[in-house]
Amino acid sequence: MTTFAYSHSDQDLVDQPVGYWSSAAGAAVVNHIRTMLAEMGLTQPQWWTLSQLVPAPDGRPRDEVVSALKGYLEIGEGVLDHNISALHDRGLITEGPAGRIALTEEGRALQARVAERQQAVRAEIHEGITDEDYVRTLKVLQRMIHNVGGSAWHH
């Protein structure tokens, strides 16, 4: 990894546009996560779906999973439905006639492997950042969203 240096002095950073920096951070982090997931054979919506099914050994209604995830990164229902079908076609989930989806043993094993890798990726992303700085950053971003009349929520 390359040596890190801030782009500007503190005095100059105060005048930098938050929209640019928050967007650049989001794009870089999401790209990094999606690259890791692709290396493990999943798309991000597929990862989200598998993770939604872990705490539900008997499965969950497909429409409930879609409803919970459709707002993530503005992905939408069509993309989620396609990715859920792809998981089924790969034998990673089952789907009953009533639309209840559940992990197969293979799906559960893949989700566990990816979850372990996800922890390593999280550590990479958080390198050199204290928990206090991380929490403060999220609070500042949430306040800015509120200040401009936006709304955002994540599980």
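## A walk through the model

Let's begin with a pair of strands: β2 and β3 (residues 100-103) run antiparallel and are joined by three bridges. Two strands are said to pair if DSSP finds at least two bridges between them. Before going further, note that this is a predicted model, where local features need pLDDT of at least 70, side-chain atom pairs count only at pLDDT 80 or more, and totals for chains, interfaces and linings use all residues. Residues are numbered from 1 along each chain as its sequence is written, and side-chain values use heavy atoms, with hydrogens and water left out.

Back to the strands. On to β1, which runs antiparallel to β3 and is joined to it by two bridges. Here P61 has R100 of β3 as its bridge partner. Put together, the three strands give an open sheet in the order β1-β3-β2, with antiparallel pairing. The edges belong to β1 (60-61) and β2 (93-95), each of which pairs on one side only.

Now zoom out. The protein has seven helices and three strands. Both kinds of element are DSSP runs numbered from the N terminus: helices are H or I with at least four residues, and strands are E with at least two. Reading from the N terminus, the order is α-α-α-β-α-α-β-β-α-α. The C-alpha atoms fill a box of roughly 60 × 40 × 25 Å along the principal axes.

How much of the protein is tucked away? Of its 155 residues, 27% count as buried. Buried means under 20% relative accessible area, exposed means over 50%, and partly exposed is in between (1.4 Å probe, protein chains only). The protein exposes about 10,600 Å², and carbon and sulfur atoms supply 54% of that. These accessible areas come from the Shrake-Rupley method with a 1.4 Å probe; for residues, only the protein chains shown count as cover.

Among the buried ones are Q44, W47, W48 and L50.

Some of those names come back when you turn to helix α6 (residues 105-125), where Q111 lies. Q111 counts as buried, at 11% relative accessibility. Setting aside neighbours within four places in sequence, Q111 is in contact with W47, L50, S51 and V54; contact here means heavy atoms within 4.5 Å. Q118 is in helix α6 too, and with a relative accessible area of 19% it is buried. What does Q118 touch, not counting residues up to four places away in sequence? The list is I33, M36 and W47. Q118 and I33 are 85 residues apart in sequence, yet their C-alpha atoms are 7.9 Å apart in space. For the protein as a whole, residues 24 or more positions apart account for 56% of the contacts with a separation of 6 or more.

Next stop is R34, which is found in helix α2 (residues 18-39). R34 is partly exposed, with a relative accessible area of 37%. Its side chain is joined to that of Q44 by a polar contact of 2.8 Å. A polar contact is a pair of N or O atoms within 3.5 Å; within protein, one must be able to donate a hydrogen and the other to accept it, and residues adjacent in sequence count only if both atoms are side-chain atoms. R34 and Q44 are ten residues apart along the chain, and 6.1 Å separates their C-alpha atoms.

Finally, take a look at F4, in the segment before α1 (10-13). Is F4 buried or exposed? F4 is exposed, with a relative accessible area of 62%. F4 and S85 sit 81 residues apart along the chain, with 42 Å between their C-alpha atoms.
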